[in-house]
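Let's take a walk through this model together, from its domains to the ligand and then to the helix packing. Please keep the view open as you read.

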Amino acid sequence: MNINIKSSKGDYKVVDFNLSKANLKNNDNYYIIDKAVYKKNKVLKKIKNKSILITANENTKSYDNISKIINKLLNLKIKRNSILVGIGGGITQDITGFVASIIFRGIKWNFIPTTILAQCDSCIGGKTSINFKKTKNQIGNFYPPKKIYLDINFLKTLKFKDIKSGVGEMAHYFLVSNLKDWVLFKKNLNRLLNKNFDKKTLKNMISRSLLIKKKFIEIDEFDKKERLILNYGHTFGHALEKITKYKIPHGLAVAHGIDIANFISMKKKYISINIYQDIKKEMKKITKLNEIKNINVKNFFEAIKSDKKNKKNEIRVILTKGYGKMFIKGFKQNLALYSLLKQYIRSI
Ligand SMILES: NC(=O)c1ccc[n+]([C@@H]2O[C@H](COP(=O)([O-])OP(=O)(O)OC[C@H]3O[C@@H](n4cnc5c(N)ncnc54)[C@H](O)[C@@H]3O)[C@@H](O)[C@H]2O)c1
């Protein structure tokens, strides 16, 4: 794999990597490592004295926690010309990127993604997002790493729920792309969801997913127009994560969000029932769609209203007119959306 990403903040690359053969003893490097990844990879012990270990959860990714991490890095004597390296999933990435962007007015950072979600999606695009109070991804900036080192072998130790979460996130790329990519995704889905690690399929699908994302982020790096389409499934997904206190992993919340966006698209006659059912069938393989049957729709709706993409008096969600035909839809009459959400929950 060798993918170049054009960025106004400096182009960057995703390259193949093999942790077991890597020279980790670069004196200028400091590491933020997911504890779970540290435990599974003995070779990381070599860099223990330059590392901060974190527990990867949404509380760790909070504004309050960032000052503790900066404090630890300063105690380790990190300097302006040091390179910060994140090793972990999307949470470790968001924390490392955000810290790198503010410490000494910004230092270089690299990322070694260790989850499917981070490898197929979050590692490119340059977003750093930190949770503030109870709301997800409220604070952050665009600050891409210089290099992303991709080692597929990390994925062997993932829990099944994290494999499914990564595949849920991956699904939305193949849907926003086109019918051909969606057919490819469907063809490979059972192999992706197999607990027995299928290296070749995973690597091909991760690479395809990154190439789809690359197109959007190079046209609209700062999320003003085209890139907003990638929020397909996410507005509803983030709101679900929030009201379930992050019990539903991010990528599974996105799979629910895709089904909700499609239900609304069908009810508004943007897509046929056949397209709705076709995608639903695959989302059901990734997560049990009726597990959210008992959510409080009012709380869900309030959480959607707090989404940062909304404009004053307008809730903005991404709907679809078919494979690769997503668009931004504003709901002026809040009650219309609320009623559709109620119908959806009754339907599952
Ligand atoms: N910055 C972005 O562009 C962007 C994009 C998408 C998602 N995100 C964020 O990413 C987060 C979700 O990412 P994620 O799913 O990678 O979550 P994560 O970082 O929490 O990892 C999921 C779980 O897997 C464990 N883990 C990580 N690597 C492992 C490995 N190799 N073996 C065993 N266990 C391992 C972690 O400890 C954690 O329990 C969310 O906070 C989401 O908002 C950021």
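## Two domains

Domain bounds here come from an automatic or database domain assignment. For the protein chain, that assignment gives domain 1 (2–157) and domain 2 (162–195 + 223–347). The C-alpha centres of domain 1 and domain 2 lie 28 Å apart. Their contact draws on 10 residues from domain 1 and 14 residues from domain 2, two residues being in contact if their C-beta atoms, placed from the backbone, lie within 7 Å.

On the side of domain 1 that touches domain 2, H4 and strand S8 (135–142) each supply at least two residues. Helices (H or I, at least four residues) and strands (E, at least two) are DSSP runs, numbered from the N terminus. The largest share of that side, four residues, comes from H4. By class, the side of domain 1 that touches domain 2 has three nonpolar, three polar and four charged residues. In this scheme Ala, Val, Leu, Ile, Met, Phe, Trp, Tyr, Cys and Pro count as nonpolar, Asp, Glu, Lys and Arg as charged, and the others, Gly among them, as polar.

A word on the model itself: it is predicted, with local features needing pLDDT of at least 70 and side-chain atom pairs counting only at pLDDT 80 or more, while totals for chains, interfaces and linings use all residues. Residues are numbered from 1 along each chain as its sequence is written.

## Around the ligand

Where does the ligand lie relative to the two domains? Domain 1 and domain 2 both give residues to the shell around the ligand, so it lies between them. Of the 31 residues around the ligand, Ala-36, Gly-89, Gly-90, Thr-115 and Ser-122 come nearest; a residue is near a molecule or strand if its C-beta atom, placed from the backbone, lies within 6 Å of it.

Helix H1 (35–40), helix H3 (90–102), helix H4 (116–122), strand S7 (127–132), H5 and H9 each supply at least two residues of this shell. H3 gives the largest share, five residues. The shell around the ligand comprises nine nonpolar, 15 polar and seven charged residues.

## H5 against H9

Helix H5 (residues 160–177) and helix H9 (residues 250–267) pack at an angle of about 40°, with their axes 6 Å apart. Axes are lines fitted to C-alpha atoms, for helices over the stretch in contact, and angles run from 0 to 180 degrees between N-to-C directions. H5 and H9 are therefore oblique to each other: angles under 35 degrees count as roughly parallel, over 145 as roughly antiparallel, 65 to 115 as roughly perpendicular and the rest as oblique.

The crossing of H5 and H9 is left-handed, a term used if the near helix is turned anticlockwise from the far one by less than a right angle (right-handed if clockwise). Among the residues that meet here are Gly-166, Gly-168 and His-172 in H5, and Gly-251, Val-254 and Ala-255 in H9. The contact of H5 with H9 has seven nonpolar, six polar and two charged residues.

## Two further helix pairs

H9 also packs with helix H10 (residues 273–286): their axes come within 10 Å and cross at roughly 165°. That makes H9 roughly antiparallel to H10, and their crossing is left-handed. The contact includes Leu-252, Ile-258 and Phe-263 of H9 with Ile-273, Tyr-276 and Met-283 of H10. It has 10 nonpolar, one polar and two charged residues.

H5 and helix H7 (residues 199–219) pack at an angle of about 55°, with their axes 9 Å apart. That makes H5 oblique to H7, and H5 passes H7 in a left-handed crossing. Met-170, Tyr-173 and Ser-177 of H5 make the contact with Met-205, Ser-209, Ile-212 and Lys-213 of H7.
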